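Below are some comments on the aromatic contacts and one of the helices, written for someone new to this structure. Please read them with the structure open.

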Amino acid sequence: MESTPAAAVAPAKPSLSKKPSPSFRLRNGSLNAVRLRRVFDLFDRNGDGEITLDEMASALDALGLGADRSGLEAAVGGYIPAGAAGLRFDDFESLHRALGDALFGPIPEVDEVDDEGDMKEAFRVFDEDGDGFISAAELQAVLKKLGLPEARNLDTVQEMICNVDRDHDGRVDFGEFKVMMQGVTVWGA
């Protein structure tokens with residue numbers, strides 16, 4: 001039996017026995033776009049609108065994923081347009097979609113009922129105590145976990161709550177959250 005050199009063996013498509021993780025990709029496009037934009041902005045350390053391979057390697061290293069520069073270049077390089085220094089948001093989004101499709105298969109078309117479920121799932125991330133409301137403290141805790149600078153100042157977080165709080169009770173219920181999320185526009189996307 002002949003042996004094939006290791007370099008000639010094509011990598012197998014990852015085989016996952018479970019459904020796509022909501023933490024990787026949401027079915028609701030607007031929620032996914034917001035999350036992707038935040039990740040993009042965190043990776044884009046210098047804020048120039050592009051993620052260079054160095055910035056991506058640094059971000060992956062910071063996450064404890066030990067980025068291999070040559071492997072990263074091979075995987076990501078095809079998404080960087082000719083003449084660009086790195087991935088723009090649209091390129092990053094295409095890379096994310098391709099990775100999701102390769103790992104989990106394409107997202108099937110979903111109806112509004114599924115969008116409602118995704119919205120409830122997202123709400124539960126913020127509603128840490130499960131009381132059906134997002135308080136300023138809960139929002140601040142989630143913003144801290146995301147590493148967002150808005151989390152540093154409780155007054156800023158309370159202002160964010162006030163901007164969404166239609167019944168002026170000092171917290172956000174699911175209806176208010178849903179209205180806010182349906183009106184989200186991702187600038188620059």
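The numbered points below concern a predicted model.

1. A search of the whole structure gives 6 aromatic pairs. In one of them, the ring centres of F123 and F174 are 5.6 Å apart and the planes stand at 85°, so this pair counts as edge-to-face. F123 belongs to helix 5 (residues 112-126) and F174 to helix 8 (residues 174-182), so the contact ties together parts that are 51 residues apart in sequence. F123 is buried, at a relative accessible area of 6%.

2. F126 and F177 form a pair that is tilted, because the planes are at 55°, with the ring centres 5.8 Å apart. F126 lies in helix 5 and F177 in helix 8, so this pair too ties together parts that are 51 residues apart in sequence. Both F126 and F177 are buried.

3. Which residues do ring pairs link into a cluster? They are F40, F43, F89 and F92. The face of F89 also has R37 lying over it, at 4.2 Å from the ring centre.

4. Another arginine is placed over a ring: the charged end of R171 sits over F133, 3.4 Å from the ring centre.

5. Helix 6 covers residues 136-145, and its buried residues include A136, L139 and L143. E138, Q140 and V142 are buried there as well. In an α-helix, residues three or four places apart point the same way, because there are 3.6 residues a turn. Just after helix 6, G147 has a positive phi of about 75°.

How values were computed:
Residues are numbered from 1 along each chain as its sequence is written. This is a predicted model: local features need pLDDT of at least 70, side-chain atom pairs count only at pLDDT 80 or more; totals for chains, interfaces and linings use all residues. Side-chain values use heavy atoms; hydrogens and water are left out. Buried means under 20% relative accessible area, exposed over 50%, partly exposed in between (1.4 Å probe, protein chains only). Helices (H or I, at least four residues) and strands (E, at least two) are DSSP runs, numbered from the N terminus. Rings of Phe, Tyr and Trp (its six-membered ring) pair if their centres lie within 6.5 Å; planes under 30 degrees apart count as stacked, over 60 as edge-to-face and the rest as tilted. A charge sits over a ring if NZ of Lys or CZ of Arg is within 6 Å of the ring centre and within 35 degrees of the ring normal.
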